[in-house]
Amino acid sequence: MNETRRALLEALEEGPISGPALADRLGISRAAVWKQVNALREGGFTIESTAEGYTVTDVPEYGAAAIEFGLAVPYTVEYHDAVDSTNTRGREVASEGRRNVAVVANEQTASRGRLERPWTAPKGGIWCSIVCQPTVPAAHVPLSALAAGVATVSACRAAGLEAHLKWPNDVLVGDSGARGGHKLAGILTEMEGEQDRVSWLIVGIGVNANVDTDELPEDATSLRAELGEDIDRRRFVQRLLESFDAMLEDPDSVLDRWREYSSTLGQQVRLEMPNRTIEGRALDVQFPGGLVVETDDRQEVVHAGDCEHLRAQR
Ligand code: BT5
């Protein structure tokens with residue numbers, strides 16, 4: 001069903017197309033085409049029937065079909081007005097064997113950050129979990145997580161906001177506040193797989209988009225607050241998916257782009273790991289995603305932990 005809708009939207013994107021041509025292309029009856037076109041109309045699309053065929057003249061603001069229309073990568077979108085957590089729903093989608101699905105919600109009622117921390121996800125945000133299966137060994141997955149951070153910053157910048165990345169994947173704005181900036185977005189990746197093969201990867205991306213800051217934790221910010229107006233969430237999600245997908249195809253590009261967007265490199269940092277804490281200077285990020293830190297007596301690579309930017313030493 002969703003695959004047919006995706007194929008229909010792709011055909012409509014190319015311009016006017018007649019009912020019989022659509023039936024042919026999609027391998028369904030003309031009656032089924034009619035039904036699908038009407039379903040899109042009911043979903044908010046304006047589709048005119050002209051002499052040359054069906055023509056889309058207006059697209060709804062947000063939703064599954066709206067995001068799929070004009071999307072340059074082959075993801076299907078599952079949209080919810082409200083869901084507990086798009087990552088939790090993503091796990092169900094993955095266990096049904098589906099891949100290349102983006103679960104998107106307007107609101108989440110029980111969303112999570114890393115280490116089961118609560119994540120606030122009011123209406124108007126961009127809450128999106130990408131269910132995919134990159135053809136890499138499990139150990140390389142941190143690179144895909146960094147790619148999600150890069151894709152998020154890149155979409156924020158396209159929307160007009162100079163966000164930056166704090167290792168590993170906090171998307172921040174400005175450099176004040178305890179976190180080294182106000183948190184605009186966060187990323188939670190979950191995966192299942194064998195050593196040599198990922199069975200599924202879920203990249204959960206949460207962006208405070210068209211949200212007031214009084215609905216968010218202290219120290220957080222939103223695109224609405226920073227830009228003074230609402231953004232086009234449909235276009236944002238499309239850019240996010242397109243740029244994430246491009247980096248899965250070209251993993252060599254990820255680290256350089258991460259370095260370009262990072263505010264962590266060169267900083268004095270404190271890294272909290274499950275069993276210890278270190279302080280030092282962040283020198284670089286290295287494949288598949290570790291932070292190279294120079295402490296008083298040595299250099300080490302940290303693979304997971306919470307990072308705090310300390311006041312720059314002069
Ligand atoms: C993260 O965790 O930053 C990952 C957040 C991932 C959320 C997405 S939304 C779509 C998908 N579905 C889910 O259920 N999750 C993902 P972490 O680095 O652990 O940061 C969590 C901390 O950020 C919390 O302890 C709060 O201090 C803070 N926080 C909570 N909600 C926030 C928000 N909306 N904006 C900014 N900071 C927030």
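In the predicted model described here, Phe69 is buried, with a relative accessible area of 12%, where buried denotes under 20% relative accessible area, exposed over 50% and partly exposed the range in between (1.4 Å probe, protein chains only). Residues are numbered from 1 along each chain as its sequence is written. Because the model is predicted, local features require pLDDT of at least 70 and side-chain atom pairs pLDDT 80 or more, while totals for chains, interfaces and linings use all residues, and side-chain values rest on heavy atoms, without hydrogens and water.

A search of the whole structure returns two aromatic pairs, a pair being defined by ring centres within 6.5 Å for Phe, Tyr and Trp (its six-membered ring), with planes under 30 degrees apart counted as stacked, over 60 as edge-to-face and the rest as tilted. The rings of Phe45 and Phe69 are edge-to-face, since their centres are 5.9 Å apart and their planes stand at 80 degrees. This pair links distant parts of the chain, 24 residues apart, with Phe45 in the loop between helix H3 (30-42) and strand E1 (46-50) and Phe69 in the loop between helix H4 (64-68) and strand E3 (76-80); helices (H or I, at least four residues) and strands (E, at least two) are DSSP runs numbered from the N terminus. Phe45 is likewise buried, at a relative accessible area of 5%.

Tyr62 and Tyr79 also form an edge-to-face pair, at 5.5 Å centre to centre and 80 degrees between the planes. Tyr62 lies in the loop between strand E2 (53-58) and H4, whereas Tyr79 belongs to strand E3, so the pair ties together parts that are 17 residues apart in sequence. Tyr62 is buried, with a relative accessible area of 13%, but Tyr79 is partly exposed, at 24%.

Both tyrosines are in contact (heavy atoms within 4.5 Å) with Val104, whose contacts beyond four places in sequence also include Ile67, His80 and Trp127. Val104 is located in strand E4 (residues 101-105) and counts as buried because its relative accessibility is 0%.

Around the ligand, a polar side-chain atom of Arg117 lies 2.5 Å from an oxygen atom of the ligand, and a polar side-chain atom of Gln108 is placed 2.9 Å from a ligand nitrogen atom.

Definitions and conventions: A polar contact is a pair of N or O atoms within 3.5 Å; within protein, one must be able to donate a hydrogen and the other to accept it, and residues adjacent in sequence count only if both atoms are side-chain atoms.
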